[in-house]
Amino acid sequence: SRWEGMKIVVNALMSAIPAIFNVLLVCLVFWLIFSIMGVQFFGGRFYRCVGEDGQTLPVNVTSNVEQCLSLNYSWVNRDINFDNVGNAYLALFQVATFEGWTEVMEYATDATEVGQQPYTEANFPAYIYFVTFIICGSFFTLNLFIGVIIDNFNMLKKKYEGGIVEMFLTESQKAYYTAMLKLGRRKPQRIVTRPHNVYLQVFYDVAMSRRFEMIVFLLIVLNMIAMTVEHYQQPEQITSILDKLNIAFTFLFCIEAIIKIIGLRQYYFTFPWNVFDLTVIVMSVVGIVFEEALRTLVISPTLLRVIRLIRIGRILRLIKAAKGIRKLLFALVISLPALFNIGALLFLITFDYAIVGMSIFGHVKIPELGSVGGGLSELINFQTFANSMVLLFRLATSAGWNDVLDNLMIQPPNCDPLYLNLPNGNCGHPTIAIIYLVTYIIINFMVIINMYIAVILENLSQASKEDTGISEEDIEMFYVCWSQFDPNASQFIRHCQLSDFVASLDPPLGIEQPNAPAVVAMARPIASGEGSHSQAI
């Protein structure tokens, strides 16, 4: 109640509970059909005869339960089975989350008749059952959670005449969100004028040339390819070639920086990307110059490799030219406050489940090292709070929850019910374990994680709406071309220059020559001296 951001997210989640409950009801009813079918098809057929090592015996050794018991083997059932509707629901939930579903399908396809030993693909038509359920019960019904959450937030958006994202933001975060939107709409104001000096004009034209930018981009890509060649235990010849290429690329990037500094003068340092490029180049030069010296010092050579890897950051300059990537990153940046609040709620729920897990499953027996399965271990367990949090964050992605469930459902004789005189020893609690993990998966994996999708989709939708019409890239391109015809930044060009200026623009603003009729059709106002203002054009 004291954390406003989390309170806002909880209130938004509470408003979606009725719709989420409806989805759960649809899943229960729809899965009931498959559960009843599963009981009819596979009920009592997951039993098998196992040896002393717990492995299923071949059918040529024992073919049925009577022969199995007569040979002093054990006739046991699978932990996941279809013996009743409840167990069938749990098996289908495991299949729907795609965790261990191949094992369940394997058990079903190997099943024969009740009391008969299973063998490989004895029941081949069982594949049809599981494929149909995955398509209908997983792809369709579970994805309803995403649709319902987004639809509920859209209804709230219409109700409060705001956006989905604002529902997850505090007042201060709304101010940040608004500022970021204004920053995204801001039109370029810095216009680098062409210098009057003839020699500087050459450097300016090269620095502003798109061919020059393409050459630099090609060098960045080649540099990255060269860095990917490096590998463990590489021959000395390759090491020598890579070192020479490192020096060559650094030298070329230094030339690029010098050309831009001379051509753009002091304006070079007004562009953040240029400052970033220069920083990377300086660090690369320092790494080359002091590489041998630093090897003799305490500093690890890994630091030098990190300095080299910083050059990969230059590829981020592609964001400026890649409209789609820039839109994605911008949507991500303005989503950060809302994503942080949702993450805080995710952490709080995980925190509560960790405390409950420690109190109930803290003394459950951990399987021996090297045993089959990826459940509990010496590091992944509920014995400490830190281990519980790590395990639950893993389960928030639904990764391996079925293996953890198997370990939490352990029963005698595989555990000691008198261990340390505890109420349940080191045995598990099957019913409690099922409720604990299933509710955690539904709340975190199916609901809260999908709230991230709702927020990001909303911001992507807003970013797409702002791209309609003339974009800011078009306006920036307009002023870059304008500066070449108006080096003094007077905001006016002569009428005789207008045809060439319009032809120099890129689509959708540009018109290829001959464009005199189109220029005349603009019906633009002409200022004194037969000049045209930039805003008029």
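The exercises below work through a predicted model of one protein chain.

Residues are numbered from 1 along each chain as its sequence is written. In this predicted model, local features need pLDDT of at least 70 and side-chain atom pairs count only at pLDDT 80 or more, while totals for chains, interfaces and linings use all residues; side-chain values use heavy atoms, with hydrogens and water left out.

**Exercise 1. The whole chain**

Task: Find how many helices and strands the protein chain has, and what percentage of its residues count as buried.

Solution: 
- Step 1. Helices (H or I, at least four residues) and strands (E, at least two) are DSSP runs, numbered from the N terminus. The protein chain has 21 helices and 4 strands.
- Step 2. Buried means under 20% relative accessible area, exposed over 50%, and partly exposed in between (1.4 Å probe, protein chains only). Of the 537 residues, 39% count as buried.
- Step 3. A contact means heavy atoms within 4.5 Å. Among contacts between residues at least 6 apart in sequence, 70% join residues at least 24 apart.
- Step 4. Accessible areas come from the Shrake-Rupley method with a 1.4 Å probe; for residues, only the protein chains shown count as cover. The protein chain exposes about 29500 Å², and carbon and sulfur atoms supply 65% of this area.

**Exercise 2. The disulfides**

Task: Locate the disulfides of the structure and describe where each one sits.

Solution: 
- Step 1. A disulfide is a covalent bond between the sulfur atoms of two cysteines. Here it is taken as a pair of cysteine sulfur atoms within 2.5 Å. A search of the whole structure finds 2 disulfides.
- Step 2. Cys49 lies in strand E1 (residues 48-50) and Cys68 in helix H2 (residues 65-70), so the pair ties together parts that are 19 residues apart in sequence. Cys49 is buried at a relative accessible area of 0%, and Cys68 is buried at 0%.
- Step 3. Another disulfide joins Cys415 to Cys427, with 1.9 Å from S to S. The link of Cys415 and Cys427 is right-handed, with 100° about the S-S bond.
- Step 4. Both Cys415 and Cys427 lie in the loop between helix H17 (401-408) and H18, 12 residues apart. Cys415 and Cys427 are buried.
- Step 5. With bonded cysteines counted along the chain, the pattern is 1-2, 3-4.

**Exercise 3. The surroundings of Gln117**

Task: Decide whether Gln117 is buried or exposed, and list what it is in contact with.

Solution: 
- Step 1. Gln117 is in the loop between helix H4 (101-110) and helix H5 (126-140).
- Step 2. The relative accessible area of Gln117 is 1%, so Gln117 counts as buried.
- Step 3. Leaving aside neighbours within four places in sequence, the contacts of Gln117 include Arg48, Cys49, Thr56, Leu57, Trp75 and Thr112.
- Step 4. A polar atom of the Gln117 side chain lies 2.8 Å from the backbone nitrogen of Cys49.

**Exercise 4. The nonpolar cores**

Task: Find how many residues the largest nonpolar core has and which of them have the most contacts inside it.

Solution: 
- Step 1. A nonpolar core is a set of buried Ala, Val, Leu, Ile, Met, Phe, Trp, Tyr and Cys residues joined through side-chain atoms within 4.5 Å. The largest has 70 residues, and Phe82, Phe130 and Leu408 have the most contacts inside it.
- Step 2. Helix H18 (residues 430-465) gives the largest share of this core, 13 residues.
- Step 3. Domain bounds come from an automatic or database domain assignment. Domain 1 (4-161) and domain 3 (329-463) both give residues to this core, so the core lies between them.
- Step 4. Apart from this core lies another, of 13 residues, including Tyr204, Phe212, Leu264 and Tyr268.

**Exercise 5. Backbone exceptions**

Task: Find which residues have a positive phi without being glycine, and where the cis peptide bond is.

Solution: 
- Step 1. Most residues other than glycine have a negative phi, and most peptide bonds are trans.
- Step 2. Gln233 is not a glycine, yet has a positive phi of about 55°. Gln233 is in the loop between helix H9 (210-229) and helix H10 (236-264), and is exposed at 64% relative accessibility.
- Step 3. Leu420 has a positive phi of about 55° and is not a glycine either. Leu420 is in the loop between H17 and H18, and is exposed at 58% relative accessibility.
- Step 4. The cis peptide bond joins Pro412 and Pro413, with omega about 10°. Pro413 is in the loop between H17 and H18.

Key
A polar contact is a pair of N or O atoms within 3.5 Å; within protein, one must be able to donate a hydrogen and the other to accept it, and residues adjacent in sequence count only if both atoms are side-chain atoms.
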